[in-house]
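Me: I am new to this structure and would like to learn how to read it step by step. Could we start once it is in view?

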Amino acid sequence: METGRKAVCALLVAVCACAALPATTTANKFSINWQPNTNYSDWPAKHGPFYKGDWLVFYYTAGQADVIQVDAAGYNKCDATNAISNYSKGRNYAFELNETKTYYFICSYGYCFGGMRLAIKTEKLPPPSPPAAAKDKSAAAPFAASPASLLFAAVAVHATLLRMF
Ligand SMILES: *[C@@H]1O[C@H](CO)[C@@H](O)[C@H](O)[C@H]1NC(C)=O
Ligand SMILES: *[C@@H]1O[C@H](CO)[C@@H](O)[C@H](O)[C@H]1NC(C)=O
């Protein structure tokens, strides 16, 4: 009896340890090659969905492109006059999608009219069971389950197995 109860406890602990892991995988990093003469209108549908807390990382060549966050009107007219944020230095720009809304980005160098603009709608909640969603959606997945958290889970499972036997 006692052994049986312990086995059930061990199982519960193991399940909890595993269930806790996806929490660390909910933020995704989406890398985008931000290039002139590119039409990005299909990019969000191909790479999304996007959730609050995800990151967009624009890779671009300074002097050839910039990343200007605008409102819907600025996006529609390719007009950067009322920029919300403006980034043009370095080689990449990481932007956290920290609200549930639609974000608009354009390049102010004229390429916006050729499609170099991006409308990203973020959704509120990550999917309840993320195993499939946890897969890498871009070049890198810096916020995937860290080796440390996997190690903790492994240690937890190991410890409960030790207690069982
Ligand atoms: C972005 O900021 C730079 C430096 O402050 C400025 O020269 C440039 O005009 C700005 N671009 C836009 C589109 O607002
Ligand atoms: C970009 O692609 C979309 C969808 O394929 C198309 O509707 C749109 O006209 C294109 N934009 C430009 C500026 O070519």
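**Reading the sheet**

Reply: In β7, Phe105 is the bridge partner of Gln69. This is a predicted model, in which local features need pLDDT of at least 70 and side-chain atom pairs count only at pLDDT 80 or more, while totals for chains, interfaces and linings use all residues. Residues are numbered from 1 along each chain as its sequence is written, ligands are numbered from 1 in the order in which they are written, and side-chain values use heavy atoms, leaving out hydrogens and water.

Me: How many bridges join strand β4 to strand β7, and in which direction do they run?

Reply: Strands of a sheet pair through backbone hydrogen bonds, either parallel or antiparallel. Strands here are DSSP runs of E with at least two residues, numbered from the N terminus, and two of them pair if DSSP finds at least two bridges between them. Strand β4 (residues 67–70) and strand β7 (residues 102–106) are joined by three bridges and run antiparallel.

Me: What is the order of the strands in the open sheet?

Reply: The five strands follow the order β2-β8-β7-β4-β5, with mixed pairing. Because β2 (50–51) and β5 (85–87) each have a single partner strand, they stand at the edges, and one side of each is left without a neighbour in the sheet.

Me: Is Asp54 buried or exposed?

Reply: Buried means under 20% relative accessible area, with a 1.4 Å probe and protein chains only. Asp54, in the loop between β2 and β3 (55–59), is buried, with a relative accessible area of 0%.

Notes: Helices (H or I, at least four residues) and strands (E, at least two) are DSSP runs, numbered from the N terminus. Buried means under 20% relative accessible area, exposed over 50%, partly exposed in between (1.4 Å probe, protein chains only).
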